[in-house]
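Visitor: I am new to this structure and would like to learn how to read it. Please take me through a few features, one at a time.

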Amino acid sequence: MKTFLLVTAALAIVAGAQSAAAADLPARNYPYATKAPAYVAPIYNWTGFYIGGHLGGAFSSDSNFSGLATGNNSNGRFLGGVQVGADWQISPNFVVGAEGQYSWLSGSVGAVFPGGYAYNNSQRGLGSVTGRVGYTWGPGLVYVKGGYAYSDNNESVTFAGTPIGFITKGDHRNGYTVGAGLEYMFAPSWSAKVEYDYYNFGDATFTAPAALVPTGSFTTDDHTFKAGVNYRFNWGGPVATTY
């Protein structure tokens, strides 16, 4: 019995000593006891080159030749084309860039004159080289653009349905364009856009045949509406920053 009591007392002393030592130890840090990850906000980078395509429609003026209605000009014509360009994001909210664009056109424009004469322009395409400036908020970009434009004219004059020679005064192939649009990055390296452009190539008048000289001047211009997609190079997706 005495032996049993001594062993019990010894065990009690050891247990008490261990409890006291444990109370003096600092709290343990477990690997899983960490704070929540910091919030990551995406920053979209517009800097880089791009190439893409577009589809849309074109509408020309219908009040040329001293007010003579030019018939089919107000009817929409289909267009489709390609664009290539480069952007530079100069600050978190501003982008500048340059773009070359060409659109093929369907249909034609023209006028039928009293006396059996008719003018037709099977306008084959519209080209442009423009600069643009835009305001961006993340994946969105609203912009304005302007610059040089070219009209690929294919003109003819007929009398009673037979082609005849003609001469015009005034350059109506080279001109200018201004426009505006909205572009949105919907996936890494891809963006979509909608755009309006006005093209003006100046006035021209007939100097031959003599019967068309009194008809007055005519303007070669176009209003276009386009939707397109661009593939962007040197843009690796959102760049993350932590707060």
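Guide: Ala111 stands opposite Tyr119 in β6. Keep in mind that this is a predicted model.

Visitor: Which strand does β6 pair with through four bridges, and in what direction do the two run?

Guide: Strands of a sheet pair through backbone hydrogen bonds, either parallel or antiparallel. Here β6, residues 117–121, is joined to β5 by four bridges, and the two strands run antiparallel. Another bridge partner to look for is Asn121 in β6, which belongs with Val109. Between the two strands the hairpin has four residues, and Gly115 in this hairpin takes a positive phi near 100°.

Visitor: How many bridges join β6 to β9?

Guide: Five bridges join them, and this pair also runs antiparallel. Tyr119 has Val157 in β9 as its bridge partner.

Visitor: What is the order of the strands in the open sheet?

Guide: The order is β5-β6-β9-β10, four strands with antiparallel pairing. At the edges are β5 (109–112) and β10 (162–164), each of which pairs on one side only. On average, neighbouring strands of this sheet are turned by 25° against each other, direction ignored.

Visitor: Is β6 largely enclosed or open, and why?

Guide: β6 is largely enclosed by the rest of the structure, because four of its five residues are buried.

Visitor: Is Ala160 buried or exposed, and is Ser189 buried or exposed?

Guide: Ala160 has 64% relative accessibility and therefore counts as exposed. Ser189 has 13%, so it counts as buried.

Visitor: Where is there a cis peptide bond?

Guide: Look between Ala208 and Pro209, where omega is about 0°. Pro209 belongs to the loop between β13 (190–208) and β14 (218–232).

Visitor: How many salt bridges are there?

Guide: Side chains of opposite charge can pair when their charged atoms come close. The count in this model comes to eleven salt bridges. One of them links Asp87 and Arg132, with the closest N and O atoms 2.8 Å apart. Asp87 lies in strand β3 (residues 77–91) and Arg132 in strand β7 (residues 125–137), so this pair ties together parts that are 45 residues apart in sequence. Asp87 is buried, with a relative accessible area of 5%, and Arg132 counts as buried at 5% relative accessibility.

Visitor: Which residues are linked with Asp87 and Arg132 in a network of salt bridges?

Guide: Glu183 and Arg232 are linked with them in that network.

Visitor: What parts does the pair of Asp197 and Lys226 tie together?

Guide: The closest N and O atoms of the salt bridge between Asp197 and Lys226 are 3.0 Å apart. Asp197 is in strand β13 and Lys226 in strand β14, so the pair ties together parts that are 29 residues apart in sequence. Both residues are buried.

Visitor: Which side chain meets that of Glu195 in a salt bridge?

Guide: That of Lys193, at 3.4 Å from N to O. Glu195 is buried, with a relative accessible area of 5%, and Lys193 counts as buried at 4% relative accessibility.

Technical notes
Residues are numbered from 1 along each chain as its sequence is written. This is a predicted model: local features need pLDDT of at least 70, side-chain atom pairs count only at pLDDT 80 or more; totals for chains, interfaces and linings use all residues. Side-chain values use heavy atoms; hydrogens and water are left out. Two strands pair if DSSP finds at least two bridges between them. Axes are lines fitted to C-alpha atoms, for helices over the stretch in contact, and angles run from 0 to 180 degrees between N-to-C directions. Buried means under 20% relative accessible area, exposed over 50%, partly exposed in between (1.4 Å probe, protein chains only). A salt bridge is a side-chain nitrogen of Lys or Arg within 4 Å of a carboxyl oxygen of Asp or Glu.
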